[in-house]
Amino acid sequence: MAILGRSARRKPTVEPVTLKILVAGGFGVGKTTLVGAVSEIKPLRTEETLSEAGRPVDDLVGVEAKSTTTVAMDFGRITLREDLVLYLFGTPGQDRFWFLWDELAQGSLGAVVLADTRRLEDCFAAIDYFERRAIPFAVGVNCFDEADRYPADMVRQALDLDDGVPVVLCDARDRQSVKEVLVTVVRHAMARATAAREAANG
Ligand SMILES: Nc1nc2c(ncn2[C@@H]2O[C@H](COP(=O)(O)OP(=O)(O)O)[C@@H](O)[C@H]2O)c(=O)[nH]1
Ligand SMILES: [Mg+2]
């Protein structure tokens, strides 16, 4: 029979808290790119070449060099801290897949709404969706190289956001930048939860 020496005693392992975050926004705004930039697991993607049949429906105006589209969703994981793991679910960007949203939204802590200042209206639907369901979200302005830069406050006004909804300028291709957006969403959602609890307790 073997005995376990003191030195072999393992550090207690922390069971991480896992949180679910949605990544939403219009077609071609960078959702798949964002999930891929931070995910520790090979992102699960369901990209399909835009078919001729889908072409009249998929609005390609202003979306450069994009010939694939995510049909179901993007999925990824990032460990923010030893004890905090985020699961990322990219929502399908096309209106014809909206029936998947309610399933995806189940149990989510919060959301990132990605926006492109050249096509800001493409994220209105996502913002409406999360506002209506009181799901906390932050707006990530994906700063494409070719797009004009606007200060976060101008974007906030244009989107008519409630006070306190964070707006972060980001680069969906950059891991550190995306991490900052995700931390912002988690903080915002937790602050909202705390405020709601305090309000409920009078
Ligand atoms: N210049 C630039 N291109 C980007 C950025 N994010 C995404 N892209 C490109 O924009 C296109 C659409 O991105 P994608 O992630 O597929 O968008 P999705 O439809 O929201 O998933 C792809 O060709 C990306 O490589 C960015 O921050 N800057
Ligand atoms: Mg995609």
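In this predicted model, the axes of helix H1 (residues 31-38) and helix H5 (residues 175-200) come within 9 Å and cross at roughly 100 degrees. An angle of 65 to 115 degrees counts as roughly perpendicular, and H1 and H5 are therefore roughly perpendicular to each other. On the H1 side, the contact is formed by Leu-34, Ala-37 and Val-38, while H5 contributes Arg-175, Val-178 and Lys-179. Sorted by class, this contact of H1 with H5 comprises 4 nonpolar and 2 charged residues, with no polar ones.

Helix H5 itself consists of 26 residues and spans 37 Å from its first C-alpha to its last, close to the 38 Å expected at 1.5 Å a residue. Its buried residues are Val-178, Val-181, Leu-182, Val-185 and Ala-189. Just after H5, Gly-202 adopts a positive phi of about 70 degrees.

Attention now turns to helix H3. In H3 (residues 124-132), the buried residues are Ala-126, Ile-127, Tyr-129 and Phe-130. Because these residues cover an arc of only 160 degrees around the axis, they lie on the same side of H3. An α-helix has 3.6 residues a turn, so residues three or four places apart point the same way. The face of H3 turned away from the buried side bears the exposed residues Asp-128 and Arg-132.

The cover over the buried residues of H3 includes strand S1 (17-25), helix H2 (101-105), strand S6 (110-115), strand S7 (137-142) and helix H4 (152-159). Just after H3, Ala-134 takes a positive phi of about 55 degrees.

Note on methods
Residues are numbered from 1 along each chain as its sequence is written. Chains are lettered from A and ligands numbered from 1 in the order in which they are written. This is a predicted model: local features need pLDDT of at least 70, side-chain atom pairs count only at pLDDT 80 or more; totals for chains, interfaces and linings use all residues. Axes are lines fitted to C-alpha atoms, for helices over the stretch in contact, and angles run from 0 to 180 degrees between N-to-C directions. Helices (H or I, at least four residues) and strands (E, at least two) are DSSP runs, numbered from the N terminus. Angles under 35 degrees count as roughly parallel, over 145 as roughly antiparallel, 65 to 115 as roughly perpendicular and the rest as oblique. Two residues are in contact if their C-beta atoms, placed from the backbone, lie within 7 Å. Ala, Val, Leu, Ile, Met, Phe, Trp, Tyr, Cys and Pro count as nonpolar, Asp, Glu, Lys and Arg as charged, and the others, Gly among them, as polar. The expected span of a helix is 1.5 Å times one less than its number of residues. A residue is buried if 20 or more other C-beta atoms lie within 10 Å of its own, exposed if 12 or fewer, and partly exposed in between; C-beta atoms are placed from the backbone. The arc is that of the directions from the helix axis to the C-beta atoms.
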